[in-house]
Amino acid sequence: MSATPRKSRHRLFADVPEATDAQVRQTARTFYRGVVSDAVTTALETFHWVVDARMRGKRVIATDADMLPGTYEEPVIAGLESVGQQWTWLVARDHPWRRQLWIKGRNIAAGDLARTAAIEGWTAEDAAHEFDLPVEAVLEAQRYAEVARDLIAAEEAENRIVAQRYEPELAHLR
Amino acid sequence: MRIYVDEDTASGQLIARLRSAGHQVLEPLRGTPDARCWHHAQVEGAAVLTTNARDFVALAGTGAHHGLLLVYRENDPTRDMTAKAIAAAVDRVAATYPGGISEQILTLNGFRW
């Protein structure tokens, strides 16, 4: 009976700023079910893809699909295949000023859900339990929140501006 | 306080914390437009708690109401209010306004001390 060969895994330590640590973990949670090594490995592979393209005299740019030249290359990045494609659990809504997507059948904006989960430090499973949603809906909302970050931030700012008008003068309340 | 927690804010944890602090919490009407939720809260004599400030402030301007409690996302993730902080702020509002908050709009971010 032959022994199963041990997987060769290495532990890597790096001193990084707090913001980088948070970004790595958020990326892992959003795209790789919390597996940090997958997030880091994929990010590095993508970086090397860019480097390789540059070494071959190419430029790496972002463009609309209908503007692509006849011959083009694009990287296959694990975890991102579905981003920007049809959403299963998210829907657009006819809303007077909000343009972000919403959880299907619920009055919860995708960005609000992702933000609440981040604030509370919840996993997708935790957030699904807290709001009685399928885990897949939460994961999709988190992915969407990454790709629509600026739009969501702008809508949060609109609410913040309104809410700040109603902050009490604290001195006489404390 | 009697509170209607808007669906986007109504985590199980927040509802549980509010209830354990002695507040009467109405379950959100799922998938229901804001105007109907607002009307429901008024019929039930409840203040509305929401992060959706812009839409509910507009609704509060349409007539008499039982109060509106707002929470906003700070432009600084380290200062954002958790369910625990929101529940504590609601307690402070209740202590500060023992007669209730009818006709008032209050932002809970200002009740952290």
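This is a short chat about how to read the two chains in the structure above.

Reader: Before we start, what kind of model is this?

Author: It's a predicted model, where local features need pLDDT of at least 70 and side-chain atom pairs count only at pLDDT 80 or more, while totals for chains, interfaces and linings use all residues. Residues are numbered from 1 along each chain as its sequence is written, and chains are lettered from A and ligands numbered from 1 in the order in which they are written.

Reader: How many helices and strands does chain B have?

Author: Helices (H or I, at least four residues) and strands (E, at least two) are DSSP runs, numbered from the N terminus. Chain B has 4 helices and 5 strands, and from the N terminus they go β-α-β-α-β-α-β-α-β.

Reader: And why is chain B called as compact as a globular protein of its length?

Author: We use the radius of gyration, taken over C-alpha atoms, and a globule rule of 2.2 Å times the number of residues to the power 0.38. For chain B the radius is 13 Å, close to the 13 Å that the rule gives for 113 residues, so chain B is as compact as a globular protein of that length.

Reader: What share of chain B is buried?

Author: Buried means 20 or more other C-beta atoms lie within 10 Å of a residue's own, with C-beta atoms placed from the backbone. In chain B, 49% of the 113 residues are buried.

Reader: Now, how many residues of chain A touch chain B?

Author: Two residues are in contact if their C-beta atoms, placed from the backbone, lie within 7 Å. Here 27 residues of chain A are in contact with 27 residues of chain B. On the chain A side, α3, α4 and α6 each supply at least two residues, and α6(A) gives the most, with 7 residues.

Reader: How do I describe two packed helices?

Author: You give the angle between their axes and the distance between the axes. Axes are lines fitted to C-alpha atoms, for helices over the stretch in contact, and angles run from 0 to 180 degrees between N-to-C directions. Take α6 (residues 149–164) of chain A and α3 (residues 53–60) of chain B: their axes come within 8 Å and cross at roughly 45°. That makes α6(A) oblique to α3(B), since under 35 degrees counts as roughly parallel, over 145 as roughly antiparallel, 65 to 115 as roughly perpendicular and the rest as oblique.

Reader: Which residues make that contact?

Author: From α6(A), they are E158(A), N159(A), V162(A) and A163(A), and from α3(B), A53(B), R54(B) and V57(B).

How values were computed
Buried ≥ 20, exposed ≤ 12 C-beta atoms within 10 Å, placed from the backbone.
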